[in-house]
Amino acid sequence: MMKELKLPAIKKTNKVSSYWKAEWKIVLLIVITGLLYNGSMQLGPILQGRVIDLIADGEERADVVRWILIFLLTIGVIQCCRCLKRYYVRLFANRTSASMRSIVYGNIIGEDITQLKEESTGDLMTKAISDVGECVEGMRKFTTEVFDTGILMSAYFITLLYYDIKLTLLASVCIPLAMLIAERMKKFIYRYAKSYRKQLSDVSEQTLENVENQLLYRMHGVQEIKSEAYDDALRSLQGKAIRANVLENSLQPLYKTIGMIGIVLVVFYGGQLVIQGVWTIGRFSAYLTIFTAFSVKVSKAAKLFNSVQKAQVSWQRIRPYLKPREKEAQVKTPVRREQVLLQVRHFSSGVIKRADFEVKSGQIIGITGPVASGKSTIGRSLVGLFPYGGSITVNGRELTDIEDADMSQYITYMGHDSQLLSDTIYNNITLGEEGDVSQVLEDVCFAQDLASMPAGADTLVGASGVRLSGGQQARLALARTLYNRSSILVLDDPFSAVDVVTEKQIIENLRNRYADCAIILISHRLTSFNQLTKVLFVSEGTTTFDTHENLLHTVQKYREIFIAQKEGRDAEAE
């Protein structure tokens, strides 16, 4: 069995430093192994120079062999420290990536629906996957280069000063120039990286849209047009990727060249010291090797500055979704279904000026009205998706006081869209849990459909349920709602693609088998409203709450809609 991934608790999730603090044990190991590795790197060239001098001076073979073994052992220990440091850096990066992705995912899932609608799916996916990866990669590089570049450069520089202060200062005079150029380039790197990340989000969105609607495009003959638009987007992405990445990488040779200018002085001046007998050949070799490595590290440090700029772009993009999480909701005792009472008082939202109604366990309340009258607004407000005025209470508890994580214990919602997964019928109903789905399939009159499918409940429905008819999609979504039901069911237009006979049978099943639930049925079709307990009629911002029969006699608009629908059915039957 796979072990559960245990991640550290991070208090200030929107601060980069918090992730290093949260993994302080791993960071401590990085520091120890990093200091051991980078602090002793100069021993290699020093020992190498010692071996060269022993050979040049004609020392005994035993002494030469002994120093060669010391040299090899030292290199082995240094590289072991390097291996451990890299392991802990990668472990830190992997755990930080998991933590950051978990936080971003949690905040996206818990975001207010109105806020989520302001961002495209492609942009959200890019942030949750690509931007998190880019940000963590920047943190990994920074953690690595603090030691592999910062500490190592300091160790190299101190060692070079020990050999010769004047030569070291003269040979290093051009190094600040590389740093200055890197500093000047950061605004261009940031601008190009930001443009690239935005285009990547757009391409992701187009990819999702084209895949989801490919059948629609094909049937209307616009597939080629969409493909051309997608190719244009890819070409734009390619161009922006080049500007974002090539500029950074093309500067690397420049940084390296500037850092290596001092080699000329080292060769000239160091050679003079050898000729004068001040330095041995081994000492000169050690100094030249250390200075060369020092210069290479300068170019990497300059490149690191530019890499950090790219990571900052991703950090700014995901930071809104790295806000500290609210305190975890405590597990509350679910409402006892036989006692449930949903009360709506002085409700107002959108076009709805006022609505008053209540529903108890065992009742089915209908909500209907003309197109755009606000029916769905009421339904979504009942599950906390829309803000509202007035009061909505469940057994006296205000809806706004219920934690989002606890909402499903009280209310289950089925919206317009079936929202089927590209998975089996069984998994679409259970959403990954184990259980018997036969009863809910029978309740929504799907058992006969299932019998005609060779794979039964293991039948794949295709992307968004494309392999099922509209009526099958709606009934499968309703079966999922019933399987995962809570005390209150809010069903928004569940029978729009279902025939009248099937609709009547399903409502009868709901009445007989779900008497422990309070059910709110939102529909524009009044065919089966005579089976409901009461109806809330919405029109021009006002509402009337009464039985179906009373509404037919007292509300002219309701009666007109009912008659128009009835005559339309009769005409089709004839």
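## Salt bridges

A search across this whole structure, which is a predicted model, turns up 14 salt bridges. Side chains of opposite charge can pair when their charged atoms come close. Let's visit a few of these pairs.

Begin with D443 and R513, whose side chains meet in a salt bridge at 2.2 Å from N to O. D443 belongs to helix 16 (residues 438-443) and R513 to helix 19 (residues 500-513), so this pair ties together parts that are 70 residues apart in sequence. D443 is buried, with a relative accessible area of 1%, while R513 counts as partly exposed at 38%.

Helix 6 (residues 121-163) holds both E137 and R140, three residues apart, or about one turn of the helix. The two form a salt bridge, with their closest N and O atoms 2.7 Å apart. E137 is partly exposed at 27% relative accessibility, and R140 is buried at 18% because the limit for buried is under 20%.

In helix 8 (residues 175-212) you will find D202 and K198, four residues apart, again about one turn of the helix. Their side chains meet in a salt bridge of 3.0 Å, N to O. D202 is partly exposed at 29% relative accessibility, and K198 is partly exposed at 45%.

## Patches on the surface

Where does positive charge gather on the surface? One such patch is formed by K11, K12, K15, K21 and R319. Of these, K11 sits in the segment before helix 1 (16-22) and is exposed, with a relative accessible area of 77%.

There is also a nonpolar surface patch of about 480 Å², made by W24, L28, L29, I32 and L36. L36 is part of helix 2 (residues 24-39) and is partly exposed, at 48% relative accessibility.

## Two residues and their surroundings

Is T368 buried or exposed? T368, in strand 3 (residues 364-368), is buried, with 2% relative accessibility. Setting aside residues up to four places away in sequence, the residues T368 touches include K375, S523, H524, F529, V538 and Y558.

Y269 has a place in helix 11 (residues 262-275) and is partly exposed, with a relative accessible area of 29%. Beyond its neighbours within four places in sequence, Y269 is in contact with D164, K166 and L167. Y269 and A171 are 98 residues apart in sequence, and their C-alpha atoms are 9.8 Å apart in space.

Definitions and conventions: Residues are numbered from 1 along each chain as its sequence is written. This is a predicted model: local features need pLDDT of at least 70, side-chain atom pairs count only at pLDDT 80 or more; totals for chains, interfaces and linings use all residues. Side-chain values use heavy atoms; hydrogens and water are left out. Patches are made of residues with over 30% relative accessible area and no salt bridge: like charges are joined within 9 Å, nonpolar side chains (Val, Leu, Ile, Met, Phe, Trp, Tyr) within 5 Å. Accessible areas come from the Shrake-Rupley method with a 1.4 Å probe; for residues, only the protein chains shown count as cover. A salt bridge is a side-chain nitrogen of Lys or Arg within 4 Å of a carboxyl oxygen of Asp or Glu. Lys and Arg count as positive and Asp and Glu as negative; His and the chain ends are not counted. The place of a charge is taken as NZ of Lys, CZ of Arg, CG of Asp or CD of Glu. Helices (H or I, at least four residues) and strands (E, at least two) are DSSP runs, numbered from the N terminus. Buried means under 20% relative accessible area, exposed over 50%, partly exposed in between (1.4 Å probe, protein chains only). Contact means heavy atoms within 4.5 Å.
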